[in-house]
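Work through each task before reading its solution.

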Amino acid sequence: MDRFAAEDLASETWVDALRSSGSFEGDESGFRAFLFTIARRRLIDYRRRMGKRPDFSSSAVPEATDQVDTSNDAVTAITTAHAVALIKSTLPANQAEVVLMRVLGGLSVAQVAEVTEKSPEAVRVLQHRGLRKLAAATSPSISERFNKEEV
């Protein structure tokens, strides 16, 4: 997915959230789950559409530059982007989805279960397997400690 498609999905998510905000009741954590649910559904719709149409890259379109960007924002963005890329390249899609929602999104097991329409137990298993696989891929010594703690 290119940058422009991602920006379109993000804006569609916020528009849907605004339209549905009258029916939302809850706290900050609940609102994050609410947004993740909308974003996940938008992404699923996008992937279905792209399965039926070719993906035309917009690499010929010049990138817009943001002059207000600070070095701290850049470092945070690079670190987050690196983490997301590592998770997506290392884990199967269902494990990556759960790990991203739990770790980066800060959602509870119950919230992830609701968003993904899986049982809380399935979410825990996917998270456990995903984190174990990430540990093995990034640091063998961490992976060894992780496996020893299980025994």
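**Exercise 1.** In which kind of crossing, left-handed or right-handed, does H4 pass H5?

Solution. This is a predicted model, in which local features need pLDDT of at least 70, side-chain atom pairs count only at pLDDT 80 or more, and totals for chains, interfaces and linings use all residues. Residues are numbered from 1 along each chain as its sequence is written, and side-chain values use heavy atoms, with hydrogens and water left out.

Step 1. Helices (H or I, at least four residues) and strands (E, at least two) are DSSP runs, numbered from the N terminus. The protein has seven helices and zero strands.

Step 2. A crossing is left-handed if the near helix is turned anticlockwise from the far one by less than a right angle, and right-handed if clockwise. The crossing of H4 past H5 is right-handed.

**Exercise 2.** Describe the packing of H4 with H5 by angle, residues and class.

Solution. Step 1. Axes are lines fitted to C-alpha atoms, for helices over the stretch in contact, and angles run from 0 to 180 degrees between N-to-C directions. Helix H4 (residues 93–104) packs on helix H5 (residues 109–116) at about 135°, and their axes are 10 Å apart. H4 is therefore oblique to H5; angles under 35 degrees count as roughly parallel, over 145 as roughly antiparallel, 65 to 115 as roughly perpendicular and the rest as oblique.

Step 1. Contact means heavy atoms within 4.5 Å. From H4, Glu 97, Val 98, Met 101 and Arg 102 meet Val 109, Val 112, Val 115 and Thr 116 of H5.

Step 2. Ala, Val, Leu, Ile, Met, Phe, Trp, Tyr, Cys and Pro count as nonpolar, Asp, Glu, Lys and Arg as charged, and the others, Gly among them, as polar. The H4 contact with H5 thus holds five nonpolar, one polar and two charged residues.

**Exercise 3.** Classify the ring pairs that link Phe 24, Phe 31 and Phe 34.

Solution. Step 1. Rings of Phe, Tyr and Trp (its six-membered ring) pair if their centres lie within 6.5 Å; planes under 30 degrees apart count as stacked, over 60 as edge-to-face and the rest as tilted. Across the whole structure, a search finds three aromatic pairs.

Step 1. Phe 24 and Phe 31 have ring centres 5.5 Å apart and planes at 75°, so this pair is edge-to-face.

Step 2. For Phe 31 and Phe 34, the centres are 5.8 Å apart and the planes at 35°, so the pair is tilted. Both residues lie in helix H2 (residues 28–52), three residues apart, about one turn of the helix.

Step 3. Buried means under 20% relative accessible area, exposed over 50%, partly exposed in between (1.4 Å probe, protein chains only). Phe 24 is partly exposed at 22%, Phe 31 is partly exposed at 31%, and Phe 34 is buried at 17%.

**Exercise 4.** Which residues is Gly 106 in contact with, leaving aside its neighbours within four places in sequence?

Solution. Step 1. Gly 106 is in the loop between H4 and H5 and is partly exposed, at 38% relative accessibility.

Step 1. With those neighbours left aside, Gly 106 contacts Arg 32 and Met 101. The C-alpha atoms of Gly 106 and Arg 32 are 8.1 Å apart, while the two residues are 74 residues apart along the chain.
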